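Okay, thanks for coming, everyone.

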Amino acid sequence: MNTTEQVQSSETDVAEESGATPPTRHHRIVVVGGGTGGIAVASKLCRKLRDPDIAIVEPSEWHYFQPQWTLVGGGVVEKEATRRRQEAITPRKAEWIREACTGFDPESNQIVLAGGGRVGYDYLVVAPGIQLNWTQVRGLTPDLIGKDGICSNYLYDTCDLTWRTLQEFKGGTAVFTMPATPIKCAGAPQKIAYLADDHFRRRGVRDGSRIVYATGTPGIFSVKEFAATLNKVIERKGIEAMFKHDLVEVRAGEKQAVFENLDSGEEVVLDYDMIHITPPQGPPDFVKSSPLANEAGWVDVDKNSLQHVRYPNVFSLGDASSCPTSKTGAAVRKETPVLVHNLLATMRGEDGSRFASYNGYAGCPLVTGYGKLVFAEFDYDLKPTPSFPFDTTKERWTMYQVKKRGLPFLYWNLMTKGR
Ligand code: FAD
C-alpha cells in the first residue's frame, strides 16, 4: 500500500469507528463552494490528476465574476456579461453536487448537505465565500435595494440598479458607505463614489451637491503608498470623507442614514437623496458554527500553507479563510497554486517541509473615475508588490483598460480553467 492509500484508508476507518452517520456518497476530494476559489482549485486539480474523483458542492445555477459589478453600477458593463452557468464552468472531470453544504463533521471526514445527506471525503477544500449581513444595519433588508434612492453593487440582482440610481440623481446628497467589518474588495465602496462623481459632473448635477464617503475604517486605504494617491483623489473631487463612521441604521421612509462615530460612540444622522450601501459582512453561519472555525468564525488555516491548523486533510482559500489578507479575487489567484501544491503534497503523504507559501498577495484595481485606475497590489506586510514595471500608485488609463477588458478575459479563459 502506498502512502496516499494509507492516509485514505486510515481516515475512512476513523469514520467507521466513531459510529458517525455513514455518508450517502464519498469522494476523494470535496470542494465546498464553486465560486472563484472553488472552481480555480478544482480546475487545477483536474488538470493535474488523471482520475481526481472530485466533487464541487455549490447550490447556485450561476457563477459570477463579481469584480465587474462595480463597472455595472457605473454603467460601463452589462450585468449579464458578469455571469456564466455553473454547468459551463464546472470542470468536466468534476462532479457538481447542486446543494448547499450546511455543516462539517471533520472528525468523520464528512460534510452535511441541506437535504440531510452526507458526503464523505479524504480531502476537503472549503471556499464558500463571505456572508452579506444586511440586517446587521437596523431597518435594512435586501428588498429595499433599488428603491427610494438606496442601491448596492454587492448583489448581482441589484448592481444594475446602482446605475439607474446614479442616472436618477437630480442633485442633493449622495452617500457611499463602507462597514467596519471585513468585506470582500475593500476598494469597491469608494470606487463607485468616484464613478458617481464623474457621472454627476457629466450630467451637470455635481455643483451644489454633496458626495459623502462614510467608512468604518480609520483611513481611505490600508496601504500608505496608495492612500496618498486616494487622499488626493477625494480632495480633487471634493468628496467629504467621514472616517470611523459605521452605518448602523437606515430610515428608508425619511431618507436618513444613521452612523455611529466609532471614537465617541455618538450617532450622526445624514439626510440623503441617494445612498450606496456596502453591507456588513462576516463568515458564513454554517462555517462559524462548525469545528473548522477559528474564534472569529473563519476557516482556521495556516496563513502561508492554507492547511487547516487542526485537520491536516482540510484546506481553505478565498473570502471564508482566516488568512489576514485583503479579501479579493486577486488574492485567490495567488492562493490557488499554493493550495493545490500543498494539497497534492499532503495526498502523497509528505510532511509540510516542502510546502509552498502564500505571502498574502492581494490586488485591488481602484477605479478613480471613467478611464482612470490605481492598481493596488500588496502583501501581508502591506508592502506594495507591483506586477507592472512602472509606478502603479499613479492613476492610469492603461490600468483601467486592464480592469475593464484584461481581467475578465484572464478570469474566464485562464483562472477558472485552472491555468
Ligand atoms: P465567491 O467567489 O463569492 O464564491 C463562493 C461560492 O460559494 C459561491 O458560488 C456561493 O454560491 C457558494 N456558497 C455559498 N454558500 C454555500 C454553501 N452553504 N454551500 C456550498 N456553496 C456555497 N476582487 C478583486 O480581486 N478585484 C476587484 O476589483 C473586486 N471587486 C469586487 C467588487 C464587488 C462589488 C464585489 C462584491 C466583489 C469584488 N471582488 C473583487 C471580490 C471577489 O469577487 C471575491 O473576493 C472572490 O470572489 C472570493 O472568492 P471565493 O471563492 O472566496 O468566494
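Predicted model: local features only at pLDDT ≥ 70, side-chain atom pairs only at ≥ 80, totals over all residues.

Let's begin with a lysine. Lys237 sits in helix α7, which covers residues 224-237. Is Lys237 buried or exposed? Its relative accessible area is 5%, so Lys237 counts as buried. Once you skip the neighbours within four places in sequence, Lys237 is in contact with Tyr194, Asp197, Asp198, Arg201, Arg206 and Thr368.

Now the helix pair I like, α5 and α6. Helix α5 is residues 156-168 and helix α6 is residues 188-203, and their axes come within 10 Å, crossing at roughly 35°. The crossing is right-handed. Which residues meet there? From α5 you have Thr162, Trp163, Leu166 and Gln167, and from α6 you have Ile192, Ala196, His199, Phe200 and Arg203. Sort the residues of that contact and you get five nonpolar, three polar and one charged.

Staying with α5, its buried residues are Tyr156, Thr158, Cys159, Leu161, Thr162, Thr165 and Leu166. What covers them? The cover includes β3 (62-64), α3 (69-73), β4 (83-85), β10, α6 and β17.

As a general point, nonpolar side chains in soluble globular proteins tend to be buried together. Here the largest nonpolar core has 123 residues, and the ones touching the most other members are Leu45, Phe104, Ile111, Leu124, Phe176, Phe200 and Phe221. Helix α9, residues 329-347, gives this core its largest share, nine residues. Take Ile111 as a closer look: beyond its sequence neighbours up to four places off, Ile111 is in contact with Val30, Val32, Val57, Cys101, Gly103, Phe104, Gly117, Arg118, Val119, Tyr121 and Leu124.

Cys46 is in no disulfide, and the nearest cysteine sulfur, the one in Cys101, is 19 Å away. Cys46 is buried too, at 6% relative accessibility. Then there's Cys151.

You'll find Ile277 in the loop between β17 (274-276) and β18 (281-282). Although it's in a loop, Ile277 counts as buried, at 0% relative accessibility. Leaving out residues within four places in sequence, the contacts of Ile277 are Trp134, Leu140, Ile150, Cys151, Ser152, Thr177, Leu247 and Val250.

Trp134 leads us to a proline. Pro142 is in the loop between β9 and β10, and at 36% relative accessibility Pro142 is partly exposed. Apart from residues up to four places away, Pro142 touches Trp134 and Leu155.

In general, most residues other than glycine have a negative phi. Asp148 has a phi near 50°, which is positive, and Leu306 has one near 65°, also positive. Where are they? Asp148 is in the loop between β9 (131-132) and β10 (150-151), while Leu306 is in the loop between α8 (285-288) and β19 (314-316). Asp148 is exposed, with a relative accessible area of 54%, whereas Leu306 is buried, at 0%.

Last stop, Tyr213, in strand β12, residues 210-215. At 2% relative accessibility, Tyr213 counts as buried. Which residues does Tyr213 touch, not counting those up to four places away in sequence? They are Phe176, Met178, Pro189, Gln190, Ile220, Ile239, Glu240, Ala241 and Met242. Phe176 is one we met in the core.

That's my tour. Over to you.

How values were computed. Residues numbered from 1 in each chain as written. Heavy atoms only, no water. Helix = DSSP H or I, 4+ residues; strand = E, 2+ residues; numbered from the N terminus. Buried < 20%, exposed > 50% of the residue type's maximum accessible area, 1.4 Å probe, protein only. Contact = heavy atoms within 4.5 Å. Disulfide = S-S within 2.5 Å. Axes fitted to C-alpha atoms, helices over the stretch in contact; angles between N-to-C directions. Left-handed = near helix turned anticlockwise from the far one by under 90°. Nonpolar A, V, L, I, M, F, W, Y, C, P; charged D, E, K, R; others polar. Core = buried A, V, L, I, M, F, W, Y, C linked by side-chain atoms within 4.5 Å.
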